[in-house]
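Subject: Handing over the structure

Hi,

Here is the structure I promised to pass on. Have a look at it first, and then read my notes below.

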Amino acid sequence: MNKPLLIGPFTQLLPMTGLPLKGALKDEQLPIIENGGILVSEEKILKIGVFDEMKSADVDIHPIEGQHVCLPGFVDSHTHICFGGTRARDYAYRNAGKTYLEIAKAGGGIWDTVTQTRKASQDELIDGIIARSQKHVKNGITTIEVKSGYGLSVDEELKMLRAIKQANETLNATLVPTCLAAHMKPKDWNQDKNYLDVIIKELFPILKTENLANRVDAFVEESAFSPEEIKPYFQKAKEMGFDITVHADQFTTGGSQVAVDFDAVSADHLEASTEKEIQLLAKSNTIATALPGASIGLGCAYTPARKILNAGGALSIASDHNPGSAPMGNLLTQASILGTFEKLSNTEVLSGITFRAAAALRLKDRGKLEADAVADFVIFPTDNYQEITYHQGQLKPSEVWKKGINVCK
Ligand code: NIG
Ligand code: FE
């Protein structure tokens with residue numbers, strides 16, 4: 001067996017440990033280990049601490065030359081990176097004054113991507129997921145949630161989820177799949193049966209037998225599914241043991257109440273949330289996920305992240321990378337910009353893309369640098385962690401480690 005590998009020294013090592021899951025965080029609370037090191041064995045962290053104190057004849061060393069800051073590999077807890085085609089036309093329409101809902105009603109929007117995704121083969125979808133994930137890895141993101149939702153029939157949703165599963169097998173990132181068969185009502189649905197009934201009866205069991213997803217999502221919105229319509233879908237998903245997550249309060253409220261009622265792991269978007277929804281979420285176990293990439297892509301308000309944290313809520317920040325509302329896909333840029341608009345501390349921003357994002361995916365083994373965690377971490381060429389958000393995503397990692405391997409030299 002190989003000796004454990006000691007990586008360091010790091011000018012600053014940010015383990016992101018000892019911080020609460022919920023509520024506001026000040027930078028004074030951020031633990032920093034100066035001249036830190038990480039001891040790794042196989043895929044896991046054995047220990048973190050001061051580099052010089054961990055050196056011994058029993059370890060190999062991966063030296064870090066110069067000034068560097070190391071923190072947990074980032075977690076992007078909400079994406080739609082499995083899709084075909086582009087929506088550049090929607091973007092131009094929007095900037096010409098048409099609204100998201102107007103474009104959707106005129107035949108653009110999500111349905112346009114459904115049409116383009118259905119035309120793509122499973123292999124083409126895999127290639128797209130891999131290309132987008134590799135960009136994410138270069139930016140320090142080592143765990144990526146990926147939704148279906150551009151298939152909107154049993155077979156097409158399966159094609160997407162099988163593509164996600166296969167891409168996961170070849171990637172230097174962990175993909176966490178989510179079934180979003182309730183992204184909108186399929187426009188070509190002409191059977192007598194209710195669409196969601198068919199999804200419940202025919203798709204959900206296959207998700208289990210093929211191990212394609214253990215999370216189920218829905219878009220609760222006027223243009224998609226009302227709170228009443230979505231209840232049987234979430235009810236069945238819960239009975240079958242799926243985790244629930246909800247696209248909630250993006251344009252109108254109602255979704256966050258559904259999320260809390262079903263004890264969802266997360267309620268995502270929340271741009272339209274008012275004080276009532278903020279209080280509701282803050283008192284619940286449901287993690288609030290801000291998607292600044294969608295606000296930037298649509299030119300809409302940001303999720304009230306400051307108010308959510310002040311009310312005692314847990315805040316994850318995710319890219320929502322998708323061809324329609326959030327085409328940019330750069331999580332660190334978006335999280336940093338959310339910080340400037342919502343007045344978030346660095347600790348709140350970094351928590352939102354590390355351990356709080358991991359919690360939104362119910363992953364306990366990442367998002368923090370501690371013994372037994374997966375050895376996923378990102379190294380930036382700077383002497384001060386404040387430089388990371390300050391450069392708004394333009395300071396690039398010098399190394400990214402995934403499961404104990406340097407995957408981005
Ligand atoms: O999270 N809001 C609904 N779904 C996506 C948008 C998908 C699309 O426009 O293609 C979102 O923003
Ligand atoms: Fe989304």
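Let me start with a rule: a disulfide is a pair of cysteine sulfur atoms within 2.5 Å. By that rule the count here comes to zero. C82 is in no disulfide, and its nearest cysteine sulfur, that of C179, is 12 Å away. C82 is buried at 0% relative accessibility, and C179 is buried with a relative accessible area of 0%. (Buried means under 20% relative accessible area, exposed over 50%, and partly exposed in between, using a 1.4 Å probe and protein chains only.)

Some housekeeping before you go further. This is a predicted model, in which local features need pLDDT of at least 70 and side-chain atom pairs count only at pLDDT 80 or more, while totals for chains, interfaces and linings use all residues. Residues are numbered from 1 along each chain as its sequence is written, chains are lettered from A and ligands numbered from 1 in the order in which they are written, and side-chain values use heavy atoms, with hydrogens and water left out.

Now the overall picture. The chain has 16 helices and 16 strands; these are DSSP runs numbered from the N terminus, with helices being H or I of at least four residues and strands being E of at least two. A compact globule of 409 residues would have a radius of gyration near 22 Å, and the chain agrees with that at 21 Å. (That radius is taken over C-alpha atoms, and the globule rule is 2.2 Å times the number of residues to the power 0.38.) Along the principal axes, the C-alpha atoms fill a box of roughly 70 × 45 × 40 Å. Of the 409 residues, 59% count as buried. The chain exposes about 16,100 Å², with carbon and sulfur atoms supplying 49% of it; accessible areas come from the Shrake-Rupley method with a 1.4 Å probe, and for residues only the protein chains shown count as cover.

As for contacts (heavy atoms within 4.5 Å), take those in the chain with a separation of 6 or more: residues 24 or more positions apart account for 72% of them.

Then the charged pairs. A salt bridge is a side-chain nitrogen of Lys or Arg within 4 Å of a carboxyl oxygen of Asp or Glu, and a search of the whole structure finds 15 of them. R118 and D188 form one, at 2.7 Å from N to O. R118 lies in helix α4 (residues 110–119) and D188 in the loop between β8 (174–182) and α7 (195–209), so the pair ties together parts that are 70 residues apart in sequence. R118 is partly exposed at 23%, and D188 is partly exposed at 40%.

There is also a network of salt bridges that links E145, K147, R215 and D217. Within it, K147 pairs with E145 at 2.7 Å between the closest N and O atoms, and D217 pairs with K147 at 2.8 Å. D217 is in strand β9 (residues 215–219) and K147 in strand β7 (residues 141–147), so that pair ties together parts 70 residues apart in sequence. D217 and K147 are both buried, and E145 is buried with a relative accessible area of 0%.

G404 is in the loop between β15 (399–402) and β16 (405–406), and counts as buried at 15% relative accessibility. The C-alpha atoms of G404 and L39 are separated by 9.6 Å, though these residues are 365 apart along the chain. Leaving aside neighbours within four places in sequence, G404 touches V40, E42, E43 and A375.

Cheers
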